[in-house]
Amino acid sequence: MRNTQRSQKIAFFFLSLATLLIVVPVGLIVVIIIQKGLPAINWQFLTDIPRQGMRAGGIFPAIVGTFYLVLGAIIFALPIGLLAAIYLSEYAKDNILNRIIKLAIINLSGVPSVVYGLFGLALFVVFFKFGASILSGSLTLGIMILPIIITTSREALESVPQSFREVSLSLGASKWQTIRHIVLPNAIPGILTGTILGLGRAAGETAPILFTVAAFYLPQLPKSIFDQAMALPYHLYVISTQVPNVDEKIRYGTALVLLTLVLFMNLIAIIIRYNFRKKKKW
Amino acid sequence: MRKIKEFFVEKLILICGLASIFFVVLIFLFLSKEGLAVFRSVRPLDFLLGRNWYPISEPAQLGILPLICGSLLVTLGAAIISIPIGVACAVYISEVAPLKIKEVLKAGIELLAAIPSVVLGFIGMVTLVPWVKSIFHIPTGLTALSGSIMLAFMAMPTIVSVAEDALYSVPKTYKEGAFALGATHWQTIWRVMLPAASSGIVAAVMLGIGRVIGETMAVMMITGNAAVIPHSILVPVRTLTATIAAEMGEAVVGSEHYFALFAIGIVLFIISFIINVTADLFLHNRR
């Protein structure tokens with residue numbers, strides 16, 4: 001008996017050790033970036049264009065570029081993703097087609113991000129002749145975040161109790177009216193969570209925008225959706241590997257801005273979901 | 001009038017429902033359209049098993065074996081690190097941790113998953129790479145090992161969350177039965193919970209590995225980018241993904257090099273397809 005107790009203690013010790021091995025480095029990464037990046041952050045860094053071959057000045061064009069890209073991606077992906085989720089949760093029957101759609105979604109979410117970049121290059125940049133532009137980059141990112149939006153929205157829709165639908169239908173509402181006025185409003189927090197997670201993912205990805213939009217150095221703001229743009233993740237890649245002798249501070253500062261942006265969005269998503277689960281009355 | 005409107009709305013919903021199939025097919029078609037052209041100049045076997053990747057020499061040598069080896073080596077290293085730690089952490093979160101810590105840990109894992117790969121690559125460059133260099137006394141810290149360690153951190157969130165799900169969905173009665181027979185908590189976990197969740201855990205591991213093989217930016221920044229067949233884990237390597245990302249910018253559209261990079265894309269697409277479909281089978285097999 002003592003023996004089994006002791007082996008349990010040893011086992012649990014190793015389990016918590018493994019957990020610490022993940023949690024501590026993550027904490028360290030965040031702390032290091034905040035500690036070394038914070039001194040670089042000031043109003044000028046956030047609102048100025050890069051100067052002296054990106055060794056001084058700010059990162060404003062990259063922030064704006066990332067903002068446009070994320071906005072474009074969500075404008076494209078949210079309507080399609082939401083309607084696809086409605087199809088899967090409200091209309092699809094349990095048949096082979098449904099199975100294939102689910103498999104396709106799983107595959108879309110597993111395709112390596114650099115392959116999305118290739119696809120965007122072949123389809124939008126070369127075939128549709130959009131060139132390397134915000135439009136090409138946004139569409140590529142939009143397709144990439146589609147599975148996130150579909151999966152989370154579908155979960156949100158399916159968590160609305162069946163009885164809500166039955167009551168609405170029994171009152172004479174049509175199927176679409178039921179979805180529009182009963183199911184959707186009750187699923188909004190979940191859909192919002194998915195959308196924000198998608199935004200965060202689109203903001204942080206580099207590989208899909210490498211060949212579809214990202215400009216190495218472009219000290220002005222894009223004027224139309226057919227312009228190239230700088231983007232935060234690509235800018236971080238450029239100043240940490242392609243440009244020699246960039247001040248550490250600027251690199252850490254850029255990393256901090258990107259990390260803050262992405263983690264902030266994820267935090268909001270987590271909070272919305274947490275509150276929603278707590279408030280749920282059914 | 002309302003009927004007509006609803007008819008169109010429902011058709012639109014159906015079309016969007018089919019969109020994901022459409023995009024998967026579209027991705028495959030466009031990769032093939034550009035990538036298969038490379039086999040006009042190289043035979044498929046020579047492409048996959050050729051030992052030399054000199055895409056811009058004259059004539060170009062397009063053998064991706066060094067890149068495949070690079071990807072495999074880095075992935076293997078990451079798997080060895082991340083699988084035990086990831087599964088152990090999943091067990092800790094789902095079975096051992098008190099409720100409050102559990103929520104915090106889950107949120108923490110989610111945040112790790114959200115850190116952009118370029119940020120992890122940057123942090124790897126400034127911290128991990130110098131450490132590896134000084135610990136092993138090698139000329140450069142940009143090695144397969146550094147890549148493996150960094151990638152392990154990208155695989156872990158996937159492994160932890162999928163494995164934790166699998167453990168959570170084991171019926172409560174299994175656990176109660178084991179307790180009733182006098183088993184300790186650890187015996188129950190080891191002899192009952194883990195075997196019962198095994199197919200979900202296999203799926204977790206596969207999805208984690210899929211994430212590692214497809215990872216691009218961090219790998220490109222810290223593995224040193226040398227397209228030669230590696231003979232140890234302490235030398236620079238170049239992966240399939242990093243090759244595409246690093247060279248596509250310079251490849252001329254329509255050149256042999258350009259087609260070859262798309263062909264690498266096809267290889268990656270097929271690998272991720274196989275991994276995801278198999279993982280899905282394992283997930284649906286449980287129970």
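**Figure 1. A buried asparagine in chain A.** With 23 C-beta neighbours inside 10 Å, A:N266 counts as buried (a residue is buried if 20 or more other C-beta atoms lie within 10 Å of its own, exposed if 12 or fewer, and partly exposed in between, with C-beta atoms placed from the backbone). This is a predicted model, in which local features need pLDDT of at least 70 and side-chain atom pairs count only at pLDDT 80 or more, while totals for chains, interfaces and linings use all residues. Residues are numbered from 1 along each chain as its sequence is written, and chains are lettered from A and ligands numbered from 1 in the order in which they are written. A:N266 sits in helix α11 (residues 248–279) of chain A; helices (H or I, at least four residues) and strands (E, at least two) are DSSP runs, numbered from the N terminus. Leaving out residues up to four places away in sequence, A:N266 touches A:L197, A:G200, B:E110, B:L111 and B:A114, where a contact needs C-beta atoms, placed from the backbone, within 7 Å. A:G198 is 68 residues away from A:N266 in sequence, yet their C-alpha atoms are 9.3 Å apart.

**Figure 2. The contact between chains A and B.** Here 71 residues from chain A meet 67 residues from chain B. The side of chain B that touches chain A has 46 nonpolar, 15 polar and six charged residues (Ala, Val, Leu, Ile, Met, Phe, Trp, Tyr, Cys and Pro count as nonpolar, Asp, Glu, Lys and Arg as charged, and the others, Gly among them, as polar).

**Figure 3. Helix α2 of chain B, with its buried side.** Buried in α2(B) are B:A19, B:S20, B:F23, B:V24, B:I27, B:F30, B:L31, B:E34 and B:G35. These residues cover an arc of only 145° around the axis, so they lie on the same side of α2(B); the arc is that of the directions from the helix axis to the C-beta atoms. Turned away from that buried side are the exposed residues B:F22 and B:V25.

**Figure 4. A:L69 in the largest nonpolar core.** This core has 193 residues, and A:L69, B:V119, B:L151, B:I159 and B:A163 touch the most other members (a nonpolar core is a set of buried Ala, Val, Leu, Ile, Met, Phe, Trp, Tyr and Cys residues joined through C-beta atoms within 7 Å). Helix α3 (residues 60–91) of chain A gives the most to this core, with 17 residues. Beyond four places in sequence, the contacts of A:L69 include A:I134, A:L141, A:I209 and A:V213.

Terms used
Contact = placed C-beta atoms within 7 Å.
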